[in-house]
Amino acid sequence: MVKGKRKGKAGVLRRIGRCWQLYVLMLPALVYIVLFAYKPMYGILIAFKDFSMKKGILASPWVGFKNFERLFSSYWFPIILKNTLTISLLSLVIGFPIPIMLALLLNEVRSNKFRSMVQTFSYAPHFISMVVMCGMVAMFLSPTTGVVNKLLNALGMESVFFMQEAGLFKWVYVLSGVWQGTGWSSVIYFAALSGVDKSLLEAADMDGATRLQKIWHVNLPVILPTILVMFILQCGSLLSVGYEKAYLLQTSSNLTGSEIISTYVYKVGLVQSDFSFSTAAGLFNTVVNCIILISANQLSKKVAKTGLF
């Protein structure tokens, strides 16, 4: 038994020795993951302590779930949870299928020049920085000079203060995200559609199938595993609404509709220096995301026999 284990270890070492260049190339990525993904997990202890920068993490006194109790009983908790879930679900319902539809529609376009032009215009917003993009959104939605309100005025309607209305913030956030990310998100579906067997499409043509029928019965089943994997990944980040965009579009008048978990953690943790409380809020966010990810993966495996892990 011992000899077998020694032989097994020797075989592993020989394989590593033969491919040592690949392991050297992999080393920087492993070091990065250990330093910036696993090592910071040590800081989770702050959520269960009354953290003091003078005493450090280990010397700070334990308070158990006191920070979580403060979080769940705070005035802002139901507001930030509702706003985060609303924006996340709208982004999932509206933003997730649009890149799929764009990829399927452009895949049917015969003109390569037209397809390239549409792809270029749809990709371009992705490369605009978040600060510039939020500035553009504010300009487009300005009640006096914005393009959107000018159009509403031309139709005989009054100007709408989009950036000041708390109830409209979620639509501004989601629709601007669709505009910025649809083209880039469709890239992976274009790649998946390149794997469609041409003989299946030719057979469908011979059977008299329409374009819509070919999309539904040939193209969609091919890219369905990719769609499910992307859906599971997006479910796993359901509560992780982007901090930068929400914070940049936030105003004092739309705060009840724009305050989300990530902006709340920033304000409490860094601005007010309440590190224990903000860590508890961030940990709650992460745990819920993990539960949703595992649940979505298990559901996908049961229904479609496809999962992320």
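1. The buried residues of α13 are Lys214, Ile215, Val218, Asn219, Leu220, Ile223, Ile227, Leu228, Ile232, Cys235 and Gly236; buried means under 20% relative accessible area, with a 1.4 Å probe and protein chains only. They pack against α5 (77-95), α6 (97-107), α11 (187-193), α12 (198-206) and α17 (275-304), where contact means heavy atoms within 4.5 Å.

2. Please keep in mind that this is a predicted model: local features need pLDDT of at least 70, side-chain atom pairs count only at pLDDT 80 or more, and totals for chains, interfaces and linings use all residues. Residues are numbered from 1 along each chain as its sequence is written, and side-chain values use heavy atoms, without hydrogens and water.

3. Have a look at leucine 220 in α13 (residues 211-236), where a kink of about 50° comes shortly before proline 221. The bend is the angle between axes fitted to the seven residues ending there and the seven starting there.

4. The largest nonpolar core has 22 residues, and Ile223 and Ile227 are among those touching the most other members. α13 gives the most to this core, with six residues. Isoleucine 223 has contacts that include Ile100, Leu104 and Tyr189, leaving aside neighbours within four places in sequence.

5. Finally, serine 258 sits in helix α15 (residues 255-258). This serine counts as buried because its relative accessibility is 0%. The side chain of serine 258 reaches the backbone oxygen of asparagine 254 at 2.9 Å.

Key:
Helix = DSSP H or I, 4+ residues; strand = E, 2+ residues; numbered from the N terminus. Buried < 20%, exposed > 50% of the residue type's maximum accessible area, 1.4 Å probe, protein only. Polar contact = N/O pair within 3.5 Å; in protein donor to acceptor, adjacent residues only side chain to side chain. Core = buried A, V, L, I, M, F, W, Y, C linked by side-chain atoms within 4.5 Å.
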